[in-house]
Amino acid sequence: MNPADLPRAVVRAVRCAVADGELAAGAVVPERVVVERTRPGGVGDYATPVAFQVAKGAGVRPHAVAQVLARRLVQEPGIEDVEVTGPGFLCFVLPAPTAPDVISRGIIDDIVIRDTRGGAALLQAADAADPALELRERVVRDCVLRLLRTQDGGNTDTHAPIAPVAPVAKRDGDVIARYGRDAAAWAMLAVPAKETPAFGEVLLLQSEASEFFRVRYAHARARDLVRNAAQLGFGPEAGDVDNAGALLRALADHPLVLEAAAHHRAPERLVRQLVEVADALLDFQYRVLPKGDEKPSAAHRARLALAEAAGTVLAGGLALLGIDAPTRL
């Protein structure tokens, strides 16, 4: 089971528990469930607070609801363990993701490519928005709209209520003129909406000291690897890849991050995940192409497929932020 499958499995467990009388008929079966990676030091790999949502109509405490769901979910193929923590959080342990799972089972081909298309069509939304809105409010609102559309089948009528947005500090002046549209948008989206964004010369650096640069550079490197491999006579092909745990986990988490970022109206969650993907890819890139007299093998094709998938994730994520993803830097 991919992490992206967990929300559907949880919804199915709630529906079946209500149908079988384990939960009261008044219990609300949610249409969508947010599952997120547990924080450092937490239990398991992923967690959801769905029991609190269901308990309101079930007439029982969230912990009791979670216990019912845990008994069902632990029987799902691909879930190694389910534990109830605190007042009713469901925590899951999944097997480590594999490259074929991440690439071939829809995470990249379906969700990520849809993100790229949806975001690219809306890159100019902020420029065309109501000029009465403050600059940062406009940027945050339009990014939230794009995120919601990816989770709502492209519905362009989705409304996006968001928390109050802290404006750009007056001392920063015209940040678009100073830093450029993309770098300014990155700074405005990189912190929670209620916090004042920080601008500085680091946004203009083309070095690993800049997260903005690292994400766009990692995307360009992924495209370079595909071009260089073609010159060597081989292309990407899904297969097993060893010693790529950080990159595999980041890619497998991508659909859940999009869901959580949309649900919480929190673009900064997507920003953090893109940095994680970029850093993992930049560490991984040196293993992709053959070295010296080494001939391309199935292992090289599989590594290239994983790098290409990472590049697609970065392109889609940047498009959702309203930021260009250059193919060369």
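Start by selecting Trp186 and showing what surrounds it: leaving aside neighbours within four places in sequence, Trp186 is in contact (heavy atoms within 4.5 Å) with Leu203, Glu211, Phe212, Val215, Val271, Val275, Leu318, Leu321 and Ile323. This is a predicted model, where local features need pLDDT of at least 70 and side-chain atom pairs count only at pLDDT 80 or more, while totals for chains, interfaces and linings use all residues. Residues are numbered from 1 along each chain as its sequence is written, and side-chain values use heavy atoms, with hydrogens and water left out.

Trp186 sits in helix H9 (helices are DSSP runs of H or I, at least four residues, and strands are runs of E, at least two, numbered from the N terminus). Because its relative accessibility is 4%, Trp186 counts as buried (buried is under 20% relative accessible area, exposed over 50%, partly exposed in between, with a 1.4 Å probe and protein chains only).

Next, the rings. There are four aromatic pairs in the structure (ring centres of Phe, Tyr or Trp, its six-membered ring, within 6.5 Å; planes under 30 degrees apart are stacked, over 60 edge-to-face, the rest tilted). Select Phe52 and Phe89, a tilted pair at 5.0 Å centre to centre and 55° between the planes. Phe52 belongs to helix H2 and Phe89 to strand E4, 37 residues apart. Phe52 is partly exposed at 25% relative accessibility, and Phe89 is partly exposed at 34%.

Last stop: Tyr179 and Phe199, stacked at 5.6 Å and 25°. Both are buried.
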